[in-house]
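Trainee: Could you walk me through reading a model like this one? I'd like to start with the fold and finish with the charges.

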Amino acid sequence: MVLHHLLALPVEQVARETGATNGAVRTWRSRTCRVLRERLIDSAAVRTEGAASHG
């Protein structure tokens, strides 16, 4: 994720650098995005619930 998104390396280069296939890198990217999305949604829900109970 860091190599692809933060360093803006293409999937093909990430695959070369890590010794993985392009497909594996795409799978890692997809899974990582899903986990981050879920955590951000959960985090936002907790903040919203906390603000409602204090308001």
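Trainee: How many helices and how many strands does the chain have?

Mentor: Keep in mind that this is a predicted model. The chain has 3 helices and 0 strands, so from the N terminus on, read the order of elements as α-α-α.

Trainee: What about the overall shape: what radius of gyration does the chain have, and what would a compact globule of 55 residues have?

Mentor: Set the two values side by side. A compact globule of 55 residues would come out near 10 Å, but the chain has 16 Å.

Trainee: On to charges, then. How many positive and negative side chains are there, and how far apart are the centres of the two sets?

Mentor: There are 8 positive and 5 negative side chains, and the centres of the two sets lie 5 Å apart.

Trainee: How many salt bridges does the structure hold?

Mentor: The general idea is that side chains of opposite charge can pair when their charged atoms come close. For a salt bridge here, the nitrogen has to be within 4 Å of a carboxyl oxygen. The structure holds 2 of them.

Trainee: Which residue forms a salt bridge with Arg-26?

Mentor: That's Glu-12, and the closest N and O atoms of the pair are 3.5 Å apart. The pair links distant parts of the chain: Glu-12 sits in helix 2 (residues 11-18) and Arg-26 in helix 3 (residues 22-54), 14 residues apart.

Trainee: Are those two side chains buried, exposed or partly exposed?

Mentor: Arg-26 is partly exposed, at a relative accessible area of 36%. Glu-12 is partly exposed as well, with 36%.

Trainee: Which residue does Glu-38 pair with?

Mentor: Glu-38 forms a salt bridge with Arg-34, and their closest N and O atoms are 3.9 Å apart. Look at the spacing in helix 3: the two residues are 4 apart, so about one helical turn separates Glu-38 and Arg-34.

Trainee: What are the relative accessibilities of Glu-38 and Arg-34?

Mentor: Glu-38 has a relative accessible area of 43%, which makes it partly exposed. Arg-34, at 40%, also counts as partly exposed.

Technical notes:
Residues are numbered from 1 along each chain as its sequence is written. This is a predicted model: local features need pLDDT of at least 70, side-chain atom pairs count only at pLDDT 80 or more; totals for chains, interfaces and linings use all residues. Side-chain values use heavy atoms; hydrogens and water are left out. The radius of gyration is taken over C-alpha atoms; the globule rule is 2.2 Å times the number of residues to the power 0.38. Lys and Arg count as positive and Asp and Glu as negative; His and the chain ends are not counted. The place of a charge is taken as NZ of Lys, CZ of Arg, CG of Asp or CD of Glu. A salt bridge is a side-chain nitrogen of Lys or Arg within 4 Å of a carboxyl oxygen of Asp or Glu. Buried means under 20% relative accessible area, exposed over 50%, partly exposed in between (1.4 Å probe, protein chains only).
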